Amino acid sequence: PVIVMAFQGADIVQKVRDLLGPTDSRKAAKGTIRGDFGTEMMKNVVHASDSVENAKIELARFFRTDEIYPV
């Protein structure tokens, strides 16, 4: 199963990436999603966009425009 979410807010890309931890789960601190659940770099437990520009591309890949409700 896959769960796809879209978030909006000030500095949201960085805030989500801080919550996840570094891409290499072996280097992620405990208390981050990757630090608590990841096991290695190539089998990542979670993905997040690395920029607003990439987020727009990825949102279009997973959602129709009428499925995203801006706040």
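1. A word to begin with: a residue is called exposed when its relative accessible area is over 50%, buried when that value is under 20%, and partly exposed in between. Please keep in mind that this is a predicted model.

2. With that in hand, let's look at Arg 64. Its relative accessible area is 52%, so Arg 64 counts as exposed. The side chain of Arg 64 meets that of Asp 66 in a salt bridge, at 3.0 Å from N to O. Arg 64 also forms a salt bridge with Glu 67, where the closest N and O atoms are 3.5 Å apart. Through these shared partners, Arg 64, Asp 66 and Glu 67 are joined into one network.

3. The structure has three salt bridges. One of them pairs Asp 24 with Arg 26, at 2.9 Å from N to O. Here Asp 24 is buried, with a relative accessible area of 9%, whereas Arg 26 is exposed, at 60%.

4. α3 spans 52–62, and both it and α1 (12–20) supply at least two lining residues each. By class, the lining has 24 nonpolar residues, four polar and four charged.

Conventions
Residues are numbered from 1 along each chain as its sequence is written. This is a predicted model: local features need pLDDT of at least 70, side-chain atom pairs count only at pLDDT 80 or more; totals for chains, interfaces and linings use all residues. Side-chain values use heavy atoms; hydrogens and water are left out. Helices (H or I, at least four residues) and strands (E, at least two) are DSSP runs, numbered from the N terminus. Ala, Val, Leu, Ile, Met, Phe, Trp, Tyr, Cys and Pro count as nonpolar, Asp, Glu, Lys and Arg as charged, and the others, Gly among them, as polar. A salt bridge is a side-chain nitrogen of Lys or Arg within 4 Å of a carboxyl oxygen of Asp or Glu. Buried means under 20% relative accessible area, exposed over 50%, partly exposed in between (1.4 Å probe, protein chains only).
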